[in-house]
Amino acid sequence: MSQDPALRALIDRIIPPDDLPGGWDAGAGDFLRNQLDAETLSNGLARLDAAATEQYGAEFAELDPTRQDSLITDALRTNPSEFLDRVIALAIQGFYGDPANGGNRDSVSWRMIGYRDRQPDTVLPAPRPGPATITADRIADRYDAVVVGAGAGGGVVACVLAEAGWRVLVVERGSWLPVEQPSDHLRNQRSLFGYETPAGPPLNGNPRVLDRSDGPPITIGPGDGRWNNNAMTLGGGTRVYGAQAWRFAPEDFRMASIYGVPEGSSLADWPITYADLEPYYDRAEWEFGVSGSVGGNAAEGPRRRGYPMPPVRQSAATAMLAGGAKELGWTTGPVPLLINSQTHDGRAGCAGCGTCVGFVCPVDAKNGSHNTVIPRALATGNCDLLLESQVTRVSTDSDGNVIGVRLAGGREITARHVVLTAGAIETARLLLASRSSREPDGLGNTHDQVGRNLQGHVYSGAIGTFEQVVQECLGPGPTISTNDFRHHNGDLVGGGMLANDFVPTPLNTYGLLNGLGLLSRWGAESKRGMRELYSRSAVIMGPIQEVSNPQSRVRIADDVTDAAGMPVARLSGGILAEDRRAARFLADRAVEWLTASGARTVTMLRQPSDRANDGPSGGQHQAGTCRMGTEAGHSVTDPYGRVWGHDNLHLADASLHVTNGGVNPVLTVLANAYRVGDAIVRDG
Ligand SMILES: Cc1cc2nc3c(=O)[nH]c(=O)nc-3n(C[C@H](O)[C@H](O)[C@H](O)COP(=O)(O)OP(=O)(O)OC[C@H]3O[C@@H](n4cnc5c(N)ncnc54)[C@H](O)[C@@H]3O)c2cc1C
């Protein structure tokens, strides 16, 4: 307590009081004390006092603000201080984070910048029970199929098989997140502050190994962006996703035929066409529930009908951006979303919250596998759902035939069919970790294809600042897009889609603006900047179609195991030069769009060339590690997701994607899983 004056003074220089309270009165000091251990705090403050005394003859708290600022500046510049770096980061987290974390008493910073996380009239639903689950001791000895992972692909396949009368066990390593989960701005799938997130996985016990080009491999945890997390919970990524529901374009299935195969890449055509997947896109849109409207998408292929719901509400930015695009002669349309724009399927319409992507929807208006296909599968009475249980191996008999799976702890489950839907990285890891004397390099890996071609989506775009308010905090946020640059962009391979962004959390805007040099890290300028810029900034961005790289891959690290004793994923490789070109091209278009829309300043988002050694692209849009194909030498499965050489081992997640489109991938994961599920039932 004796050092409170120094802490108070320091926090009030990081977030100074003006006509509104500073960091200290907002509670950032309490927040910081909860995060930093007492010894680190008292030692750091003692060093600050010592420096103040040496330079000015008085302790830090007794100096005038100018001298305090110059001490902080000097300490940060001349003597890089881990302590001060950490204190600044934590004070900012406390002040701009959600009030429940402490540090933002009475939502002072949110009121200052005009952010709100809920619309005033939002009615939160009454708590509902989670799905009926089974405990390990009640699992049957044998199933028709065991589905590993209850995410996008897993939920669909479980539903298709259970509705066809199959006895199905779904094993999901994550847990059920209740709808009334608080919207924690520090712990969510959209923000990376190194804390454990409810959508998982736990920080401890889940390492991965990352190969680097300029040093030895390193071991990292899920709090590190290079770990490439999606989400590990019931519903997988669909539990917390932004829910953009794009169809791939017809060209996306024929990338090698259209563009050739760039040197060093493994670009290939899918073994199916857009027309093959179209009925399943339609089924995914109608069975999950998508809000959208037809038209305004220059890249879209033929479709049999429109969407089950009209688009979500527009915002002030929509009209402004529509004007800019019109001036440029571009086509625009709404962003299709797996979010109810009106009451649908017994659940509410979108309430317009500021916490959509990365969070559980507080009114349950977001449609994922957890509230659509998984409840349907359970309702058949044919499906058992086992949560918080990890599959560590696909089991084979002495002849190499797949006979079931092994759970962490050693329990064996037998099944006629095994369907892996663990996400692109974990599905590859499971196959590789399931090696046997017959297949010593991993199940289905005779041709060294498992784990290769890992790809996600490099995001590219720009941020514009405007004279007027353009961020009304009316969620979800993405309302206008252009698909004019998905293909046929001169000598580029593919391209991408551009749209406006989800409502950002204040902390994410702080991080973005500060990272781009548009906002001071701390001090009066920083506070003023946030006050002015949060509501006057708009981001235009989108995913580029990555060019497949065989060296971007998942292997397993034999010397590092997770908490269940399973060898962990080892990631290596990175994106190709082609991807950097495409990213730059899309960023240039975003700059043009914001400029034409009246932005007073426009700044490009960080380009991927600045991020050498970050490892492969994967993360939330991870795909491609177990491609479908027409011949075993160049793919892992046949065109229906059946692993070559194993008639009863199927994949039905994003790992099957041959290429990953220039749009968000989940609708394609869902559609393809319906297709794979139908084929499994058909072939018995
Ligand atoms: C914050 C966020 C925003 C996103 N926004 C969008 C968007 O707007 N549009 C879009 O198209 N896509 C979006 N995505 C991506 C989308 O969610 C994924 O593309 C999709 O979920 C991938 O489906 P999947 O079936 O391959 O894997 P997942 O949905 O990740 O499911 C895999 C499941 O397997 C489980 N699992 C893994 N290993 C094991 C094991 N050994 N044993 C048991 N269970 C296991 C995992 O816990 C997980 O639940 C977003 C994702 C996130 C996290």
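How many bridges join strand E9 and E15, and in which sense do the two strands pair? The notes below take up that point and then turn to the domains.

1. Strand E9 (residues 459–465) and E15 pair in the antiparallel sense, over four bridges. Strands here are DSSP runs (E, at least two residues), numbered from the N terminus, just as helices are runs of H or I of at least four residues. Two strands count as paired if DSSP finds at least two bridges between them. For a spot to look at, Thr-465 stands opposite Thr-601 in E15.

2. Before going further, a word on the model: it is predicted, so local features need pLDDT of at least 70 and side-chain atom pairs count only at pLDDT 80 or more, while totals for chains, interfaces and linings use all residues. Residues are numbered from 1 along each chain as its sequence is written, and side-chain values use heavy atoms, with hydrogens and water left out.

3. E9 and E15 belong to an open sheet of five strands, in the order E10-E11-E12-E9-E15, with antiparallel pairing. Its edges are strand E10 (481–482) and strand E15 (601–604), each of which pairs on one side only.

4. A hairpin is also worth a look: E3 and E4 form it, with two residues between them. Strand E3 (residues 208–212) pairs with strand E4 (residues 215–220) in the antiparallel sense, again over four bridges. Arg-208 has Ile-220 in E4 as its bridge partner.

5. The contact (heavy atoms within 4.5 Å) takes 21 residues from domain 1 and eleven residues from domain 2.

6. Four salt bridges are counted between domain 1 and domain 2, a salt bridge being a side-chain nitrogen of Lys or Arg within 4 Å of a carboxyl oxygen of Asp or Glu. The side chains of Arg-531 and Asp-19 meet in a salt bridge at 2.9 Å, N to O.

7. On the side of domain 1 that touches domain 2, helix H1 (4–14), helix H5 (65–78) and helix H6 (82–96) are the elements giving two or more residues. H6 provides the largest share, six residues.
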